[in-house]
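Hi,

Here's the structure I said I'd pass along.

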Amino acid sequence: MVMIRGVDLVHDLSGDGPDLVWGHGLTRSMATEDALSMLDWAAIRESNRVLRYDARGHGDSGSTPDPTDYSWRSLAEDQLALADHLGIGSYVAGGASMGCATALHAAVLAPERIRGLVLVIPPTAWHTRAAQVDAYAAMADLVAAGDHATLLAGAAARPVPDPFADDPRWQQRFPELLQNTDPERLARIFRGAGTADLPPPDEIATIEVPTMILAWTGDPGHPVTTAARLQELIGGSELTVATTADGFASWTGRVQRFLSRF
């Protein structure tokens, strides 16, 4: 654990090879991500040094009260400062959902530092963001009020991404989150998510590094439309969309091949 920009961040740096810095999604952590992992980290560490960490307010890292601390731009500043602290100069930035957004902001903030991007399940952005912001505000209020019944009913009603349609672990995630997370911390990160958005399209269009985009279908919180727009904006970027469990299972191999360029 190290102090970065006023908060203690828990991290893991392991493996050998070019550096990949990875950010997890909203309400996730290294531990919960391992339970339902986007990628096979053991395989990736065979040819890359990987920095993973619990973002501010998540997992075992510290929490701060200001909602703007959790904007995706602020989380990118955390990531860049953590990389500085660990002596990582340039790196491939990657992440899922909130981590994807963090990587994009890092690429805009410090283009000289980012060698490539692995953007996994890009979240709602720009004109599609308003409804998601309203949902996060409502969730924060319910968490603060201790109304777990309404939260669980809402979670059960949300669509399951197509690759996880037959995987019961997906629906288990939110009840476990409520059971294992301090309500004050959880409400903070939901309110913080309401301050967040991707960089403006004109800023994203300035990104000129190799970029892989991985999306899935059936998830309105991570619509394929965001991924497709990113592909349009980032010249030469590659987009792969998973519609089945087998398609999702191919992601580790795809990421390994992409990282072999570096």
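Leaving out residues up to four places away in sequence, Phe190 touches Leu26, Thr27, Tyr136, Met139, Ala140, Val143 and Phe174. Bear in mind that this is a predicted model.

Phe190 also belongs to the largest nonpolar core, which has 57 residues. Along with Tyr91, Leu104, Leu117, Leu119 and Leu198, Phe190 is one of those that touch the most other members. Helix α4 (residues 98–109) gives this core its largest share, 7 residues. Another core, of 25 residues, lies apart from it, and Leu20, Trp170, Phe258 and Leu259 are among its members.

Two or more lining residues come from each of α1 (30–35), α5 (129–145), α6 (148–157), α7 (169–180) and α8 (183–193). Sorted by class, that lining is made up of 28 nonpolar, 12 polar and 6 charged residues.

The second largest pocket comes in at about 370 Å³. It has 19 lining residues, with Thr27, Arg28, Thr32, Glu176 and Leu177 nearest its centre. Here α1, α7 and α8 are the elements that give two or more residues, and α7 supplies the largest share, 6 residues. By class, this lining splits into 5 nonpolar, 9 polar and 5 charged residues.

Cheers

Technical notes:
Residues numbered from 1 in each chain as written. Predicted model: local features only at pLDDT ≥ 70, side-chain atom pairs only at ≥ 80, totals over all residues. Heavy atoms only, no water. Helix = DSSP H or I, 4+ residues; strand = E, 2+ residues; numbered from the N terminus. Nonpolar A, V, L, I, M, F, W, Y, C, P; charged D, E, K, R; others polar. 1 Å grid on protein atoms, 1.4 Å probe; cavity = no way out; pocket = protein on both sides within 12 Å on 5 of 7 lines; lining within 4 Å. Points joined across faces, edges and corners; volume = space filled by probe spheres on them. Core = buried A, V, L, I, M, F, W, Y, C linked by side-chain atoms within 4.5 Å. Buried < 20%, exposed > 50% of the residue type's maximum accessible area, 1.4 Å probe, protein only. Contact = heavy atoms within 4.5 Å.
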